[in-house]
Amino acid sequence: MRRYLRVVVLCLACGFCSLLYAFSQLAVSLEEGAGGGGGKPQAAAASWLGGGGRGAARGAGSAGPAAHPGRSDRYSVKAQPVERMHLAVVACGERLEETVTMLKSALIFSIKPLQVHIFAEDQLHDSFKGILDNWSFLQTFNYSLYPITFPSENAAEWKKLFKPCASQRLFLPLILKDVDSLLYVDTDILFLRPIDDIWSLLKKFNSTQIAAMAPEHEEPRIGWYNRFARHPYYGKTGVNSGVMLMNMTRMRRKYFKNDMTAVRLRWGDILMPLLKKYKLNITWGDQDLLNIVFFHNPESLFVFPCQWNYRPDHCIYGSNCREAEEEGIFILHGNRGVYHDDKQPAFRAVYEALRNCSFEDDNIRSLLKPLELELQKTVHTYCGKSYKIFIKQLAKSIQDRYTRPPKER
């Protein structure tokens with residue numbers, strides 16, 4: 001008898017729970033009906049957010065509970081966060097135009113949202129704001145402006161290292177403490193394919209790698225480090241820091257081997273001792289310090305091919321970047337001032353084409369033909385003889401841009 005009684009009680013409990021569930025679903029239906037017909041959540045409007053420096057940052061707002069006062073949070077639909085790429089640049093002196101052109105080349109082809117961190121001298125901030133605020137129609141672009149800052153106790157030494165402001169990049173992991181990964185580029189960089197593609201190299205890092213750069217040279221016979229350096233450097237020919245992809249979380253956590261002490265040092269502790277030891281032996285400033293760090297910690301560096309950092313050195317004595325010959329140039333690096341003189345007109349032609357380009361679709365579509373005609377005028381130079389590699393990837397990037405859905409452009 002007790003067994004049957006337990007069965008009856010269990011059945012009654014199940015029935016009671018079923019009734020409770022049915023009433024709760026009915027209540028939810030009535031609540032959503034009163035809320036306006038069960039339509040899709042509305043997209044949030046853009047808002048201006050305070051930046052991490054003296055400038056402003058533009059970001060997408062989000063609809064919170066206050067946007068739907070009559071609706072319970074329990075049943076609200078939350079959009080999945082979209083991965084945001086982080087790009088940093090340091091601009092001083094007469095580098096405003098170069099920086100703006102670099103940013104334009106990144107934004108024309110980028111797919112995922114891009115957060116740009118601009119470190120600039122105070123007198124450049126208003127000019128940057130005046131230009132970049134006019135790009136507010138680009139829904140996937142945000143920027144923040146920061147002053148140039150160095151550790152106060154050694155600021156004078158860092159400021160005079162190599163070029164004004166150049167060593168700022170060394171301190172990005174310590175300044176941007178909330179940023180996990182970052183792509184740093186010099187101002188004289190042009191993206192000829194989506195920045196998303198170099199960003200995806202972060203996923204190829206193994207468990208020990210914290211940063212990625214390209215070799216300084218492909219051909220040792222014309223290499224600088226292997227012929228002239230008076231300090232340790234990475235690999236056979238050193239690395240170039242003009243394009244540097246970083247997992248900054250790993251950089252902040254790592255303890256680095258060094259030739260100053262048997263004790264491993266963290267990023268914030270190793271920089272000044274390195275400068276004091278090698279300041280009379282380094283020529284290229286912060287890049288030399290990075291070479292020294294990765295000489296002692298080679299397992300921490302991911303090396304990507306020269307087509308991700310293509311410079312005049314890859315063609316002024318004849319073409320020596322095999323990957324660019326096969327697939328085209330992915331990122332063009334106009335060091336040596338070649339965007340502004342007549343020494344390497346092929347580089348200058350690409351720079352001027354992108355500088356004069358707007359974000360309008362027709363303008364981007366019509367970019368290639370005039371550029372190719374200009375490049376054909378440069379065949380009297382070694383770099384110009386290989387002019388097709390300057391537009392091979394660019395042509396593909398433009399084509400891919402217009403095969404993507406409009407919302408991804």
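Two strands are said to pair here if DSSP finds at least two bridges between them. Strands (E, at least two residues) and helices (H or I, at least four) are DSSP runs, numbered from the N terminus.

Colleagues, the structure above is a predicted model, in which local features need pLDDT of at least 70 and side-chain atom pairs count only at pLDDT 80 or more, while totals for chains, interfaces and linings use all residues. Residues are numbered from 1 along each chain as its sequence is written, and side-chain values use heavy atoms, with hydrogens and water left out.

Seven strands make up an open sheet of mixed pairing, in the order 5-4-3-6-9-8-12. Strand 5 (141-146) and strand 12 (301-303) are the edges, each pairing on one side only. From one strand to the next, the twist averages 25°.

Let me turn to strand 3. How many bridges link strand 3 and strand 4? The two strands, the latter spanning residues 114-120, are joined in the parallel sense over seven bridges. Within that pairing, Leu87 lies opposite Val116, and Val90 has Phe119 as its bridge partner in strand 4. Strand 3 also pairs in the parallel sense with strand 6 (residues 181-185), over two bridges; there, Ala88 stands opposite Tyr184.

Is strand 3 buried or exposed? Seven of the seven residues of strand 3 (residues 85-91) are buried (under 20% relative accessible area, with a 1.4 Å probe and protein chains only), so the strand is largely enclosed by the rest of the structure. In a regular strand, side chains alternate between the two faces of the sheet. On one side of strand 3 the buried residues are Met85, Leu87, Val89 and Ala91, and on the other they are His86, Ala88 and Val90.

Next, the packing of two helices. Helix 12 (residues 345-355) packs with helix 14 (residues 368-376) at an angle of about 160°, their axes 9 Å apart. Axes are lines fitted to C-alpha atoms, for helices over the stretch in contact, and angles run from 0 to 180 degrees between N-to-C directions. Helix 12 is therefore roughly antiparallel to helix 14 (angles over 145 degrees). Contact (heavy atoms within 4.5 Å) brings Ala346, Ala349, Val350 and Ala353 of helix 12 to Leu371, Glu374 and Leu375 of helix 14.

Finally, Trp284 sits in the loop between helix 9 (267-278) and helix 10 (286-296). Trp284 and Leu161 are 123 residues apart in sequence, yet 8.4 Å apart in space, C-alpha to C-alpha.

Note on methods. Buried < 20%, exposed > 50% of the residue type's maximum accessible area, 1.4 Å probe, protein only. Parallel < 35°, antiparallel > 145°, perpendicular 65-115°, else oblique.
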